[in-house]
Protein chains: 2
Amino acid sequence: MEFKTATIDHLPAIVRLLADDELGATRERFEEPLPLQYIEAFEKIMQQVGNSIIVALDNEEVIGCLQLTLIPGIARLGMTRAQIEGVRVVRSYRSKGVGEALFRYAMDVAKANGCGMIQLTTDKQRKEAHRFYERLGFVASHDGMKLLLSD
Amino acid sequence: MEFKTATIDHLPAIVRLLADDELGATRERFEEPLPLQYIEAFEKIMQQVGNSIIVALDNEEVIGCLQLTLIPGIARLGMTRAQIEGVRVVRSYRSKGVGEALFRYAMDVAKANGCGMIQLTTDKQRKEAHRFYERLGFVASHDGMKLLLSD
């Protein structure tokens with residue numbers, strides 16, 4: 001297993017992985033060719049310093065992914081925080097430590113870039129994910145609040 | 001009252017505001033000259049596309065601030081999310097609608113930049129903040145989990 005910053009070649013596998021999820025199934029569209037919105041979004045990620053998708057690979061195949069964004073801020077003496085979004089592991093590879101290894105890798109990248117904190121929000125429906133993050137040392141000290149913006 | 005993207009000239013007032021807070025008091029160092037870490041952090045924010053501090057001004061004086069970061073992502077058909085951190089209003093200006101107006105401004109910026117969601121985490125100790133965000137339409141659907149990274 002190895003970890004890499006995703007390139008556009010990994011994008012179809014990332015979208016398939018995001019779609020293969022109880023919440024993601026209703027939100028994503030995995031089609032060939034890939035909907036243009038995903039390609040444009042990937043380009044925007046690459047253009048933003050500190051923003052990346054990290055993939056876990058087994059024999060060049062994407063078996064897991066997460067988004068890591070390094071966000072400089074003023075609070076806490078000018079601390080940069082690392083933020084994680086969209087954590088997924090391919091079904092057949094679950095419960096084998098892939099998620100944990102992927103997280104350890106992301107945490108190392110965050111530390112190497114001087115981040116003082118790593119943060120994420122997890123849907124309150126995802127009870128197992130919550131326990132997984134607690135095992136890694138995350139503390140649910142905050143409420144994660146969202147508001148959908150309409151056009 | 002007007003709203004602007006902060007410049008380096010607003011930074012001392014922003015740090016003073018972050019320090020004048022029950023949680024911030026233990027985390028910040030408002031001194032003159034300003035600790036270098038804040039100046040470096042501000043420069044990093046300005047260098048990251050989509051990251052900014054927005055200030056509310058009354059007669060050129062900073063009376064409120066928040067950090068707005070636009071984060072492109074792959075999930076939800078390549079949705080960009082807007083994230084808010086570090087929301088503060090000067091004590092003597094609280095309960096006068098400054099926070100709400102500042103939020104409405106940030107939401108308009110997020111919409112104008114094509115964001116499909118606006119999100120934040122709020123410390124579970126901040127009960128009043130929680131109610132404020134609910135009044136604005138935010139839903140506490142997620143847990144906000146944090147892990148401090150040591151050197």
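Predicted model: local features only at pLDDT ≥ 70, side-chain atom pairs only at ≥ 80, totals over all residues.
Conventions. I number residues from 1 along each chain as its sequence is written, with chains lettered from A in the order in which they are written. Local features need pLDDT of at least 70 and side-chain atom pairs pLDDT 80 or more, while totals for interfaces use all residues, and side-chain values use heavy atoms, without hydrogens and water.

Extent. I looked up contacts (heavy atoms within 4.5 Å) and found 66 residues of chain A touching 66 residues of chain B. The buried area (accessible area, 1.4 Å probe, lost on putting the two parts together, summed over both) is about 5,900 Å², with 60% from carbon and sulfur atoms. I note that I74(A), M145(A) and L149(A) supply 15% of what chain A buries against chain B, more than any other three residues.

I looked for salt bridges (a side-chain nitrogen of Lys or Arg within 4 Å of a carboxyl oxygen of Asp or Glu) and the rule finds two across the interface. R81(B) forms one with E85(A), the closest N and O atoms lying 3.2 Å apart.

Strands. I took strands as DSSP E runs of at least two residues, numbered from the N terminus. Strand β6 (residues 139–148) of chain A gives ten residues, the largest share of the side of chain A that touches chain B. I then checked pairing (at least two DSSP bridges between two strands). Strand β5 (residues 115–123) of chain A pairs antiparallel with strand β6 (residues 139–148) of chain B over seven bridges. I found L120(A) opposite M145(B) in β6(B).

Conventions: Helix = DSSP H or I, 4+ residues; strand = E, 2+ residues; numbered from the N terminus.
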